[in-house]
Amino acid sequence: MRKWISKKLAGVLCLCMAGALLVGCGSGAKSNSETVLFKYDGQNVYLDEAWVYAKTIQSQYEAWYGSSVWDYEVNDENGEKATMEEVTKKDVISQIKMVKVLSKKAKEAKLTLSDEEQEQINTNVKSFMESISDADLKQTGVTEETLKKIYEENALATKYHEQVISEANITVEDSQARQYKTYNLLFETFTTDENGQEVQYSAKKKASQKKKAEEALARIKAGENTVKDLKAMAEEYKADKSSEYTFGDDGSTVQEYADAAMKLKKGEVSGIVESQFGYHIIKMINPNDKEATKEKKEELLQEKQNQYFSEQYSKMTEDLEAKWDFDKDVDQKAFAKITFKQTEESTTASEETTESSSSTTASENVSTEGEATTAE
């Protein structure tokens with residue numbers, strides 16, 4: 001759930017929010033724009049800046065999970081229980097710190113924005129401001145100057161991020177990303193209880209499942225060996241967890257399955273392969289799926305780039321972080337003004353703003369890291 005941060009800084013901010021979201025966080029323009037929330041790397045961060053970052057993330061989270069997400073209990077960076085709101089507010093601070101550091105590095109490296117990029121920023125600022133009512137402006141303290149500053153800093157941070165990555169010359173070989181496409185006819189030997197835990201079948205029931213697998217294998221050897229045939233058998237034998245399954249040699253797949261599958265040539269079918277999930281019969285559809293390999297290569301490249309950049313960023317901020325204390329360095333009283341939870345008062349104000357607003361614009365999506373799958 002906490003994967004809202006983009007793999008690349010470009011696109012991290014979705015600054016095209018609906019005007020209805022722009023309520024409930026400030027106590028007046030002057031207060032927000034002049035209140036120093038914290039200092040980092042020799043730079044002041046004001047409350048109105050943090051407000052924009054926070055509300056941007058709020059709009060995306062609520063689009064994904066609904067407005068009740070903020071009460072969800074999750075683990076924070078120390079493994080302690082906290083609400084989603086508490087964790088995300090700390091993430092907001094971390095994101096701002098990163099942008100501040102990288103944009104400063106970009107300026108030191110004499111990286112600049114092109115006329116075209118600057119023009120796009122001006123357009124984005126104008127669009128954002130047009131979506132906010134006068135009442136919202138008065139309440140939250142958002143100004144064109146604040147928005148322009150945020151857009152520019154993010155654009156420069158992105159440039160520096162890309163420069164750091166490009167200098168590393170990170171590559172991924174096709175062999176590292178090779179993907180095997182199979183059909184997994186699985187006669188499972190477990191079920192799932194009400195708590196989502198796997199429960200193994202009894203010895204008698206396992207024996208019954210193995211007998212079905214042996215019958216299916218005999219039919220396959222007799223000629224019922226197409227993917228269509230295997231899918232029909234899965235339905236006939238109620239082998240509900242059977243499916244096409246694509247995997248790579250990265251250790252994420254059950255070892256017994258991977259070892260047996262990678263020995264098969266295109267079109268070949270394995271014998272019965274037993275794993276913790278049951279009895280598998282594997283058909284090799286494609287031992288080198290080009291499209292899946294290309295996608296995996298891009299995924300691995302991005303993972304390696306992210307890891308490299310994370311290491312470099314840690315080095316950049318090692319001294320800063322040694323002195324950093326969230327509780328002491330952030331003006332907690334000011335930061336408390338930013339809240340993701342909708343009170344009855346702010347909800348009413350939001351509804352009124354929605355009715356009076358002439359237009360709204362939808363938030364853009366923030367890219368997320370893909371989930372690895374394992375053969376069952």
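A salt bridge is a side-chain nitrogen of Lys or Arg within 4 Å of a carboxyl oxygen of Asp or Glu. The legends below apply this criterion to a predicted model.

**Figure 1. Salt bridge between E299 and K296 within helix α11.** E299 forms a salt bridge with K296, and the closest N and O atoms are 3.4 Å apart. Because the two residues are three places apart in helix α11, about one helical turn separates E299 from K296. The two partners fall into separate accessibility classes: E299 counts as partly exposed because its relative accessibility is 24%, whereas K296 is buried, with a relative accessible area of 15%. The limit that places K296 in the buried class is 20% relative accessible area.

Figure 2. The side chains of K100 and E49 meet in a salt bridge with an N to O distance of 2.9 Å. K100 belongs to helix α3 and E49 to helix α2, so this pair ties together parts of the protein that are 51 residues apart in sequence. Both K100 and E49 are buried. Salt bridges with shared partners join E49, K100, K149 and E153 into one network. A search of the whole structure finds 13 salt bridges.

Figure 3. The side chains of E244 and K181 meet in a salt bridge, with an N to O distance of 3.8 Å. E244 lies in strand β8 and K181 in strand β5 (residues 179-188), so the pair ties together parts that are 63 residues apart in sequence. E244 counts as partly exposed because its relative accessibility is 39%. K181 also counts as partly exposed, because its relative accessibility is 25%.

Figure 4. T246 is found in strand β8, which comprises residues 243-248. With residues up to four places away in sequence left out, T246 touches Q179, Y180, K181 and A292. The C-alpha atoms of T246 and P287 are 9.6 Å apart in space, while the two residues are 41 residues apart in sequence. At 29% relative accessibility, T246 counts as partly exposed.

**Figure 5. Hairpin formed by strands β1 and β2.** β1 and strand β2 (residues 43-46) pair in the antiparallel sense over four bridges. The bridge partner of Y40 in β2 is Q43. Two residues lie between the strands of this hairpin, and D41 in the turn has a positive phi of about 55°.

**Figure 6. Contacts of F38 and the nonpolar cores.** Leaving aside neighbours within four places in sequence, F38 is in contact with Q43, N44, V45, I93, I96, K97, W324, D329 and V330. The largest nonpolar core has 49 residues, of which L37, F38, I93, V142, V330 and I338 touch the most other members. Two or more residues each come from β1 (36-40), α2, α3 (84-108), α4 (115-130), α6 (144-168), α11 (290-316) and α14 (332-335). The most is given by α3, with nine residues. A second, separate core of 16 residues includes L185, L230, M233 and I285.

**Figure 7. Nonpolar surface patch at W64, Y65 and Y72.** W64, Y65 and Y72 form a nonpolar patch on the surface, and together they have about 260 Å² of accessible area. Y65 is found in helix α2, which comprises residues 47-65. The relative accessibility of Y65 is 32%, so this residue counts as partly exposed.

**Figure 8. Overview of the protein for orientation among the close-up views.** The protein has 15 helices and 10 strands. Of its 376 residues, 43% count as buried. The protein exposes about 20400 Å², of which carbon and sulfur atoms supply 45%. Among contacts in the protein with a separation of 6 or more, 76% are between residues 24 or more positions apart.

Methods:
Residues numbered from 1 in each chain as written. Predicted model: local features only at pLDDT ≥ 70, side-chain atom pairs only at ≥ 80, totals over all residues. Heavy atoms only, no water. Patch = residues over 30% accessible without salt bridge, like charges linked within 9 Å, V, L, I, M, F, W, Y side chains within 5 Å. Areas by Shrake-Rupley, 256 points an atom, 1.4 Å probe, with all protein chains shown as cover. Buried < 20%, exposed > 50% of the residue type's maximum accessible area, 1.4 Å probe, protein only. Core = buried A, V, L, I, M, F, W, Y, C linked by side-chain atoms within 4.5 Å. Contact = heavy atoms within 4.5 Å. Pairing = 2+ DSSP bridges.
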